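Open the model in your viewer and keep the selection tool at hand. The tour makes a few stops.

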Amino acid sequence: MHLLNLGILAHVDAGKTSLTERLLHSAGIIDEIGSVDAGSTRTDTLALERQRGITIKSAVVSFPVDDVTVNLIDTPGHPDFIAEVERVLGVLDGAVLVVSAVEGVQAQTRILMRTLRRLGIPTLVFVNKIDRRGARDTGLLRELTERLAVPVVPMGTVSGIGTREASFDPAPVPADVLTELDDDLLAAYVDGTLTPGRIHAALVDGTGRTLVHPVYFGSAATGAGVPELVAGIKELLPGAEGDPEGPLSGSVFKVERGPAGEKIAYARLFSGTLRTRDRVPYAETAGKVTAIGVFDHGTDVREETVAAGRIARLWGLTDVRVGDSLGAPHREYGRVFAPPTLETVVVPGPGADRRSLHLALTQLAEQDPLIALRHDEVRQETSVSLYGEVQKEVIQATLADDYGLPVTFRETTPLCVERPAGTGAAAEFIKKDANPFLATVGLRVDPAPPGAGVTFALEVELGAMPYAFFKAVEDTVRATLGEGLHGWQVTDCAVTMTHSGYWPRQSHAHQGFDKSMSSTGYDFRGLTPLVLVEALRRAGTQVYEPMHRFRLRAPADTLGALLPVLAALRAVPDATDVRDGWCLLEGAVPAARVHGLEQRVPGLTRGEGEWESAFDHYAPVVHGVVPERPRTDLNPLDRKEYLLNVSGRTGA
């Protein structure tokens, strides 16, 4: 069986889900094409997806193309749900990037193409909506080349652009782009010996190696260009690979809950064969697969086994989470998109039990690992991280519809980070300076390069004390850095253990272990936060806020109204280009100001402004008061309070 796991990706409203419907219809999987506006599409199954006409969760559906079975994965286009796209990328063999012939290349289009090329995922481009007024073809090809900065190969021309009768006319593949990539091909072109067969072979090879991207024009609404796209999917994109007899290796890219609340894991197998009742290792545990579902001809079919190359739904893995590897880990992509940069507190509405709310949010976080939860026991509050305001609406609707929990939200705030401003060191020794713990811990904090995260190293010998104590210190260091001096996560920080010491296990004759005279992991976990915070205090920390890179295209005569508003919201243009009656502004803006600008741009530009932005970097907070985040830990900043909290929690 030839398999192809295909992703459909696009900027929101480019027609991605409509194309999915057309592909299923052309393959005979559905008799009638669903409508996004009517909420009748095959892959948008959530009630909220049907109401809003947007894709929120990735969905898998299978269809045949001759002897190839395509597992098609429809992904969200709205930037608030980029986490769904991130999880899908690691299981794809190829992709179709959908671009609107009217709106052209947009912010998400560029982000997706950059990521697809970086991960080496072969990609076709489908320019949709050629039947719409304002559609472009030749100009859009130039835009694809310039704004995506990739080599594209038009697979034909368009007739009747911008009309209901618009059609795609296949044409011989132009050799000029391909000859730039291959000297032998260029020589054959110059000699006049270049054959269509060799050009086609070069196109297949270049597409598979993401050196070029074939471009098809068409319309999901009328079906124009779709047969040619289907042929390209079969001929140009590589199929799934994997050894069914090899060691088990798979990746979980989606987790949902069934009608009875049971977990269902969506996984791609890269190697091996999985059978029902097999015990599967994942994360740091294992579980027995109780049922397997595979995708075939538009439906989910129960099977006893699933082999390498396929995507399956798995029951029985009760503790599984998105991103877990099944068996041997496959190639890790790591994080490919920026993390969430916003946060809000979830406020329970009338009749909503706080414990039930916390459980519901925990279950949502299992399905979306980028929804980071932060629970404040003192204030009895739970915060969630976000990409944007639409995601907030989705969480609210999901809690109401699926859990019967009405909620509201506090004002969305940016998720800042802290970085060490310098070097600081601190140490506490057993039975000295009022140290109540039977442990010696010394730590030094140094700044690390941006993007380095947190590293932990030893300047003491590993054999100086039991490994479990070193592990307790490292784990506690990483947990404590979740809240810095101002309450934000500390990153880009190198922590080095400079001192260590412990009291060996003590016992008395004819008696058992004497805990009061012997060091335990509790002592190291209790002392480490005090030492680390003191080292941070001496180093000092700087709070950084998330910044977006923005691009604003607007009529030139609106510049006078735009600039004061941009300045007031700290959107600082660093590049301005005015030509042909239009101005193009590019620059940086705090993430907290993006939503407000998105709302104001249409009014300031007579509805003609085009705004796009995406997270770019963190910048030091230099305006106003340094933002503080309420602490949720035992507050090691206050030694007396911390020791009381520790003793209260442990009953000491």
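In which loop does Asp492 lie? Select Asp492: it lies between strand E29 (489–490) and strand E30 (493–501), where strands are DSSP runs of at least two residues (E) and helices of at least four (H or I), numbered from the N terminus. This is a predicted model, in which local features need pLDDT of at least 70, side-chain atom pairs count only at pLDDT 80 or more, and totals for chains, interfaces and linings use all residues. Residues are numbered from 1 along each chain as its sequence is written, and side-chain values use heavy atoms, with hydrogens and water left out.

Asp492 has a positive phi of about 50° although it is not a glycine. Most residues other than glycine have a negative phi. Asp492 counts as buried because its relative accessible area is 2% (buried is under 20%, exposed over 50%, partly exposed in between, with a 1.4 Å probe and protein chains only).

Next, select Lys129, in the loop between strand E5 (123–128) and helix H5 (138–148). Lys129 is not a glycine either, yet has a positive phi of about 70°. At 12% relative accessibility, Lys129 is buried.

Now go to helix H7 (residues 183–191) and pick Tyr189. Tyr189 counts as partly exposed because its relative accessibility is 48%.

Last, select Val346, Pro348, Arg354, Leu357, His358, His375, Gln380, Glu381 and Thr382, which line the largest cavity (a set of points on a 1 Å grid over the protein atoms alone where a 1.4 Å probe fits but cannot get out; lining residues have an atom within 4 Å of a point). Helix H10 gives the most to this lining, with 3 residues.

Methods
On a 1 Å grid over the protein atoms alone, a cavity is a set of points where a 1.4 Å probe fits but cannot get out, and a pocket is an open set with protein on both sides within 12 Å along at least five of seven lines; lining residues have an atom within 4 Å of a point.
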